[in-house]
Number of protein chains: 2
Amino acid sequence: MRIGIVGAGQLGRMLAQAGGPLDFTFTFLDPSESACAAPFGHQLRADWNDTRALAALTDAADVVTFEFENVDPEALARIGAERPAYPPAKALATSRDRWVEKSLFASLGIPLPPIARVDDQAGLDAAVADIGLPAVLKTRTLGYDGKGQKVLREAADVVGAFQELGGVPLILEGFIDFDHEVSVIAVRGRSGETRAWPLAENEHRQGILHRSTPRPGHPRQAEAERYATQVMEALDYVGVMAFEFFVTTDGLLANEIAPRVHNSGHWSIEGAVTSQFENHLRAIAGLPLGDTERLVPCAMLNLIGAMPSADALLALPGARLHDYGKAPRPGRKIGHLTLLAASDEELERRVAAAEALLVNQLG
Amino acid sequence: MRIGIVGAGQLGRMLAQAGGPLDFTFTFLDPSESACAAPFGHQLRADWNDTRALAALTDAADVVTFEFENVDPEALARIGAERPAYPPAKALATSRDRWVEKSLFASLGIPLPPIARVDDQAGLDAAVADIGLPAVLKTRTLGYDGKGQKVLREAADVVGAFQELGGVPLILEGFIDFDHEVSVIAVRGRSGETRAWPLAENEHRQGILHRSTPRPGHPRQAEAERYATQVMEALDYVGVMAFEFFVTTDGLLANEIAPRVHNSGHWSIEGAVTSQFENHLRAIAGLPLGDTERLVPCAMLNLIGAMPSADALLALPGARLHDYGKAPRPGRKIGHLTLLAASDEELERRVAAAEALLVNQLG
């Protein structure tokens, strides 16, 4: 099976690594001269929305997918007219626009924090009057890892904030009181079959994911899976989708979806019967989905900005290293470490030992 | 780290797949036009013992290894003079000659079946008189998967048997009464550190491995590890080594070693904290070795000669497929399937379901 992927970053790299044992081959479309997925397939070096390059990608593939959201949904829709292309353009268009995304949650009855659409400073002032402070102002499109956001704590922060974020369409999201953040990674096959991995508890530092820990038996598992299935069905989804939530005393509040494999599912490479990467490939290829159970207690730590010595990391008991082969740069995800253990207690000791070695530079 | 591998078959392929997450890159030396490891690195297409090609492989690598025993130990020794090359030529030379290999076992006090060196028909007659029948006559070099062997059951089988196996140096090995066959996969680092995976119980069909099942807690684990360590230390070994044994009521009897990753260790890709492939790479690269514990009950089944439908295999609960991308041919290993389960009982049900799908053509 020939897989075409728009994007050739670490998610594309790990998709290709997962496809090797299935004898899948990969073509990537990416403008970068140092795309870290390139050694794992053939790279078409062109802009993600280059019409001719997209046609070449389509020709080189039996099925096309993408590994990040910067591809134009209309370009994806054109591919989809000629070749199976998953997830569908509709899912991409939805996730690229926070207002459209959250409106979908609301229309499906999925609880979410208070939100308001903000199209100018007057609209922001009205939204703040409605939702109150503190609140977080976000661009509707293209934000990630805490970029394109501003936290509004007091009235002074609101002044000029619309222009500060570029004068582009925004949403205002009210602060909510939550205990922790979780994500569910779910997958839907071409046949409509769905599976979900155990909820991952996610810890962020400076807006960037630091640690994900799968929590089988989490009391909100069924709720999260139900919401993910609703969204996937509404979008005619095929492939892996991540859905992030805030866990409150009253239940889950939806944060956002990512229409792709996701950083909070990297633990599944070693820690689950089938990884998110393999199941994404199985789904888009029309193959049966694999089991998603966690094998043993495990956690994933991101390696950001600077790489610790491989020698030190690999000396940690139960450690598996993923070096993405990317040039280090503050704030850039350049690898991750998965720690496996026989018990939750042992896992915490191993995570603490690993965290002591991290030299992360967050920005 | 740049790894050079002599040979580009499925073992090279799986080594490269294991090296991807560590950001290792691979160059293979193999004459085949359809080498199945080639898509996972760069292939130098030349004979394994081609002097110029071996020099090019050496230039392209920080460390050199091999994935099968057909390389000339002297050529390997020449590489070793310029670059780290592991396992050492001495280990290769030993394993390529059954008489040298078994003499090593005997010299270390490792129990083995009765054997005799056979250099002509008269020598065979004398060996049969000494050891008795039934016995198995084997070429000293280059036999595998039941090839280059003849079982002698009665006097008539002995007549002309020396010429029948090509008139080459042979050994005669007495039949022994054993309960089952096991192998230990062990690994030794550059520092002398050693690890071993749980013993695998191996089931052969027509001389070809059919199933391997790791058996943590096997009563002969310590014995097997001790013997493997003795051999590795005697050979100044670095890398993964497989050691096959017959399990008798009195203990283990040594069968043979393979100075490389081994089919009976493929279960470790999904079933162990660290796979045999990753630990071979860690060992030859001078990195710390990873943990070798089994994660959950699991078993590996070989796919031989013909490939069942991927759709059917992937629909099996707990199944992970490895398609080596090789043209099917009777007797040829073209893939394997690993089955994971929550209990031994569930595993046996899953193996039975998988075996019902196999279309193996053994020869």
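1. Helix H1 of chain A (residues 10–19) is mostly covered, since ten of its ten residues are buried, a term for under 20% relative accessible area, with exposed for over 50% and partly exposed in between (1.4 Å probe, protein chains only). Among the buried residues are Leu11(A), Arg13(A), Met14(A) and Gln17(A). The buried residues of H1(A) pack against strands E1 (2–6), E2 (25–29), E16 (319–323) and E17 (333–340) and helices H10 (268–271) and H11 (276–284) of chain A. Helices (H or I, at least four residues) and strands (E, at least two) are DSSP runs, numbered from the N terminus.

2. This is a predicted model, in which local features need pLDDT of at least 70 and side-chain atom pairs count only at pLDDT 80 or more, while totals for chains, interfaces and linings use all residues. Residues are numbered from 1 along each chain as its sequence is written, chains are lettered from A and ligands numbered from 1 in the order in which they are written, and side-chain values use heavy atoms, with hydrogens and water left out.

3. In chain A, helices H3 (residues 73–82) and H4 (residues 89–96) pack at an angle of about 170°, with their axes 8 Å apart. H3(A) is therefore roughly antiparallel to H4(A), the class for angles over 145 degrees; under 35 counts as roughly parallel, 65 to 115 as roughly perpendicular and the rest as oblique. Axes are lines fitted to C-alpha atoms, for helices over the stretch in contact, and angles run from 0 to 180 degrees between N-to-C directions. Pro73(A), Leu76(A) and Ala77(A) of H3(A) meet Ala89(A), Leu92(A), Ala93(A) and Arg96(A) of H4(A), contact being heavy atoms within 4.5 Å.

4. In chain B, helix H4 (residues 89–96) packs with helix H5 (residues 98–107) at an angle of about 105°, their axes lying 5 Å apart. H4(B) is therefore roughly perpendicular to H5(B). The contact involves Thr94(B), Ser95(B) and Arg96(B) of H4(B), together with Arg98(B), Val100(B), Glu101(B) and Leu104(B) of H5(B).

5. Between the chains, 34 residues of chain A are in contact with 34 residues of chain B. The buried area is about 2600 Å², of which carbon and sulfur atoms give 54%; this is the accessible area (1.4 Å probe) that two parts lose on being put together, summed over both. Pro21(A), Leu314(A) and Arg320(A) supply 21% of the area that chain A buries against chain B, more than any other three residues.

6. Ala353(A) lies in helix H13 (residues 344–355) of chain A. Ala353(A) counts as partly exposed because its relative accessibility is 35%.
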